[in-house]
Structure formats: structure tokens, C-alpha cells
Amino acid sequence: MFRNVAELIEIAENENMLISEVMIRQEMDVHDKTREQVMGQMEKNLQVMEKAVEDGLKGVSSRSGLTGGDAVLLQKYMLEQEPLSGTLLLDAVSKAVATNEVNAAMGTICATPTAGSAGCVPGTLFAVKNKLNPTREQMVQFLFTSGAFGFVVANNASISGAAGGCQAEVGSASAMASAAIVEMAGGTPQQSAEAFAITLKNMLGLVCDPVAGLVEVPCVKRNAAGASNAIVSADMALAGVTSRIPCDEVIGAMYRIGKTMPSALRETGEGGLAATPTGRALASKIFGIPIEKE
Amino acid sequence: MKYRSVFDIIGPVMIGPSSSHTAGAARIGKAARTLFGEELTWAEIYLYGSFAKTYKGHGTDVAIVGGLLGFDTDDKRISNSLILAEQKGMRVSFHEDEAATDHPNTARVKIGNGIDDLELVGISIGGGKVEITELNGFDLHLSGNHPAILVMHNDRFGAIASITQILARHEINIGRMEVSRKDIGKEALMIIEVDQNVEDNIVKELEEADHILQVAKIVD
């Protein structure tokens with residue numbers, strides 16, 4: 001079993017296989033399953049992701065009314081004009097937002113690696129798909145590559161906002177997505193690791209400060225940032241840009257930053273944006289309770 | 001390693017909005033119900049840390065009760081679980097506890113039906129994954145990574161051997177084992193993680209062994 005990114009890349013290079021294949025074989029081996037079982041289970045997750053994006057693009061609204069409808073606005077804008085950031089990038093953003101709007105509305109999603117960060121991986125996958133025209137199998141492989149990197153983060157750091165802040169959730173999701181984009185675009189395993197490191201570095205220190213404790217503000221738009229960050233970093237890695245700090249050390253830094261983050265900034269709804277005048281007013285309105293005086 | 005499967009990372013399929021506060025909470029509730037093994041009529045739920053601060057926004061309350069009703073993380077009935085519980089005559093209460101805990105997402109679940117009761121502590125460690133850290137006053141580490149059987153027994157010589165002999169006869173391999181007791185000669189708990197699910201007839205046989213009080217199983 002690989003314990004860190006260095007070992008994952010070493011196995012992929014020595015055996016001359018894709019990162020997704022290393023993950024698939026480990027899953028078969030550890031859980032005594034056939035390839036068909038493992039691939040079939042991931043295919044089901046892929047279908048849940050497709051359905052969530054489809055629902056989100058039709059337009060949903062959360063119970064609190066804080067989120068919903070932005071994915072529709074983005075798609076409409078893209079139809080009417082060429083977005084400044086490019087069609088692929090904004091398509092990924094709209095699909096990431098769609099997924100998280102469905103999540104906020106208590107719809108069905110697949111956690112990647114968490115629900116609050118569930119937009120980054122499918123958002124980028126379904127946008128990059130239109131450019132690279134992958135086979136269905138390659139789309140399933142994309143999820144295994146994402147999963148392989150997420151597996152390392154979960155075991156060596158954290159994927160919980162309550163434990164490590166948003167850097168552990170959207171940071172991890174964004175970095176997982178960028179590593180998988182690199183593989184789908186034909187990059188090397190090492191380039192996937194570079195993309196992962198570059199992406200996560202740009203998310204370090206990101207706090208978890210949800211307004212009213214709801215997975216809505218700023219979570220939905222952080223997934224938009226996560227999706228765009230993933231695509232840009234993937235392009236950087238494919239261009240040959242490398243990270244001066246190795247991937248595993250970036251993961252270690254993320255863990256230690258999370259450890260030193262005050263609890264007000266770790267999914268308690270007490271600090272950051274949640275503590276702004278508007279954040280407090282929204283919380284008070286949603287739960288029908290008066291604003292607490294300092 | 002806490003996470004052993006790629007499907008802990010890409011998954012679970014679930015009802016939003018939070019994998020740790022909704023899906024994980026549902027799994028803690030379901031673990032309590034599974035271990036209790038009977039219908040319950042009341043539940044007292046104590047929430048700590050981030051769970052206590054944000055449970056209304058995340059639906060942690062409906063998720064735990066959904067789990068107590070036997071719902072999986074992707075069961076749409078979770079959002080109506082408080083009403084469904086009331087219809088079944090289940091009394092449910094929630095308590096926000098200020099006490100400091102080792103993990104920010106901790107829940108203590110007390111359930112019962114007037115005859116038996118059960119108390120467990122679960123933590124939600126991220127991405128929907130949970131661990132049970134306490135059961136009826138016993139400290140333990142149950143990850144849910146493998147099928148497991150939990151055996152309440154009297155602390156007597158031969159109690160452990162009688163269980164392992166039965167498992168050996170049915171060719172069930174033990175992956176990990178943990179024993180804890182309240183005091184010498186008093187109640188004790190065996191946690192046995194196995195490689196395959198243990199059939200009900202074997203559980204029944206285990207229950208009939210010497211010094212054994214109760215057997216519960218957790219399916220992978």
C-alpha cells in the first residue's frame with residue numbers, strides 16, 4: 001500500500017502504469033474485489049456526479065435561500081458571449097457550482113473527498129471531457145487518480161474542515177482534480193504530483209468559516225475557485241513547471257497549518273465570514289434568533 | 001492508516017450538505033442502532049465541538065436520527081427523520097455540550113426502549129468516515145473498515161478462547177482483536193474484526209458460549 005505521493009509515483013513509474021491503475025490494483029488487492037466490481041462501483045459514483053450537475057444546471061435553491069441559481073447564470077452567460085477566462089474554465093466553474101448548489105439543497109451528491117468540496121472533481125472532469133473526448137473508462141480512471149491523491153492526504157493530513165479548515169476540503173479536492181486532469185491530458189505521473197503540489201500550495205491557509213454553519217456561503221464559490229485553480233495548475237505542470245516544495249511536504253505543511261488554526265476558523269461558524277455583520281444577520285434571520293451581543 | 005479504500009475518498013454517495021456533519025452523523029446513528037439490535041423508543045443525543053455549533057445548519061440532528069431509523073447516507077428520508085421518528089413514537093432530545101473533546105466532531109448517543117439501553121461515542125473524521133470510540137463505558141477503536149463482532153462477556157478465563165474456537169471452526173479469520181474490561185472479574189468487551197461477514201447462525205452460537213452476555217455484529 002502506498003503511504004505517500006512519493007511511493008505512489010515510484011510504483012507508477014517502476015511498473016510503467018497510470019496512477020489510476022495503481023489505485024485500482026490496490027483497491028482490488030486490499031478489499032479482495034475483482035476489477036469489474038471496483039470499476040463498477042466507481043461508474044455508479046460517476047453517474048451520481050453526472051445527475052447532480054444536470055440537476056444543478058436546471059436550477060436549484062437551498063432551504064435557507066442563500067445559494068442556488070448561479071450555475072444557471074454562468075451557463076447563460078457562456079451562451080451569450082465568450083467568457084474572459086475561456087469557455088473550458090468557466091464551464092468547469094459552472095459545473096462545480098452546480099454540484100455544490102445541489103448539495104446545499106440537500107440533493108444527492110458523491111463526496112469528493114467531502115460534500116462541501118464535492119464540486120471541484122466532477123466540475124473539472126465534465127468540462128475537460130469536452131476538450132479531450134475521453135472514453136467512459138478514462139472518465140472512471142480520472143476518479144481513481146483523484147482518489148489516489150486524496151487517499152494520501154486523508155491518511156497523512158486531513159480532509160475535514162472541522163479538523164483542518166477549508167484548505168483540507170476544497171484545497172484537497174482542487175489538488176486531486178488537477179492531478180487527474182494532468183493524467184487525462186497525457187501528462188506523466190510526476191507531472192500529476194507537480195500539479196497537485198502547485199494547486200494545494202495556492203490553497204494553504206484557507207479557513208472554514210461558513211455563514212450560519214451552512215455548507216453554502218462561501219463553500220459554493222470556493223468550489224468555483226477550486227475548479228479554476230485545478231485547471232490552471234494542471235496547465236502549469238503540463239508546461240513543465242515544477243513545485244520547489246515536494247508534494248508530500250506541501251501535504252505536511254497543510255496538516256500543520258490546520259493544527260494551528262483556531263477553532264473559530266474550523267467549521268464552527270464563529271469566525272471569518274460567519275462573524276461579519278452580514279454573516280451574523282443572515283444566521284439570525286435563518287434560525288429566527290436574535291443576534292448575540294459581543 | 002485510517003482510510004483504506006478509494007471509496008472513502010470518492011464517496012459516499014449521500015444527501016447533502018456535509019459529509020462529516022450529515023453523512024458521518026447518519027453513520028454514527030446507524031452504528032448505534034445496529035449494535036443495539038432492537039427497536040428503540042427514546043434517544044438522547046449530545047453534540048460536542050463543531051457538531052454542537054453547526055448541527056442545525058448541517059442537518060446533523062436529522063442525520064443521526066435518520067441513522068437511528070436505519071437509513072443509509074443516500075436515503076432521502078433523512079431530511080424528514082425527526083417527523084418519522086415522532087410518528088414511530090420515538091422520543092428524541094438534543095443537547096449541546098461545551099465539554100472539550102479530542103475530536104471536533106463528536107457525538108454521544110444514548111438510546112433505549114425501556115428494557116435495554118446503549119450508549120456510544122462516535123467521531124466523524126472527515127469525508128463521511130466515522131469511528132466508534134466508546135461503547136457502554138468501554139473505550140475502543142472501531143473503524144468500520146472491516147466487518148466486526150462485538151462480544152459483551154464476563155471477565156472469566158476461557159471466555160475469549162470459547163469465542164475464538166467457534167470462529168476457527170467456521171474458518172473465520174480474525175484481523176484485529178481488542179479486549180477491555182471494567183474491572184477484574186466484571187463485564188468485559190471483545191472487539192473482533194474479521195475478514196468476512198459473520199452469519200447470524202454463528203452469532204447465535206457465539207451467544208450461547210460460556211460467560212457470553214451479548215453479541216452484536218457490524219457488517220462492512
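Colleague: What makes helix H9 (residues 166-184) of chain A and helix H12 (residues 247-260) of chain A roughly antiparallel to each other?

Modeller: Their axes come within 10 Å and cross at roughly 150°. Axes are lines fitted to C-alpha atoms, for helices over the stretch in contact, and angles run from 0 to 180 degrees between N-to-C directions. Angles under 35 degrees count as roughly parallel, over 145 as roughly antiparallel, 65 to 115 as roughly perpendicular and the rest as oblique; H9(A) and H12(A) are therefore roughly antiparallel. This is a predicted model, in which local features need pLDDT of at least 70 and side-chain atom pairs pLDDT 80 or more, while totals for chains, interfaces and linings use all residues. Residues are numbered from 1 along each chain as its sequence is written, and chains are lettered from A in the order in which they are written.

Colleague: Which residues make the contact of H9(A) with H12(A)?

Modeller: H9(A) contributes A:Gln167, A:Ala168 and A:Gly171, and H12(A) contributes A:Met254, A:Ile257 and A:Gly258; contact requires C-beta atoms, placed from the backbone, within 7 Å. Three of these residues are nonpolar, three polar and none charged, with Gly counted as polar.

Colleague: Why is strand S3 (residues 91-96) of chain B said to lie largely in the open?

Modeller: A residue is buried if 20 or more other C-beta atoms lie within 10 Å of its own, exposed if 12 or fewer, and partly exposed in between. Of the six residues of S3(B), the number buried is zero, so the strand lies largely in the open.

Colleague: What makes S1(A) and strand S1 (residues 13-15) of chain B a pair?

Modeller: Three bridges join them, in the antiparallel sense. A:Cys110 stands opposite B:Val13.

Colleague: How many residues does each chain bring to the contact between chains A and B, and which element of chain A gives the largest share?

Modeller: Chain A brings 48 residues and chain B 38. Helix H7 (136-156) of chain A is among the elements that each supply at least two residues of the side touching chain B, and H7(A) gives the largest share, nine residues. By class, that side of chain A has 25 nonpolar, 19 polar and four charged residues.

Methods:
Helices (H or I, at least four residues) and strands (E, at least two) are DSSP runs, numbered from the N terminus. Two residues are in contact if their C-beta atoms, placed from the backbone, lie within 7 Å. Two strands pair if DSSP finds at least two bridges between them.
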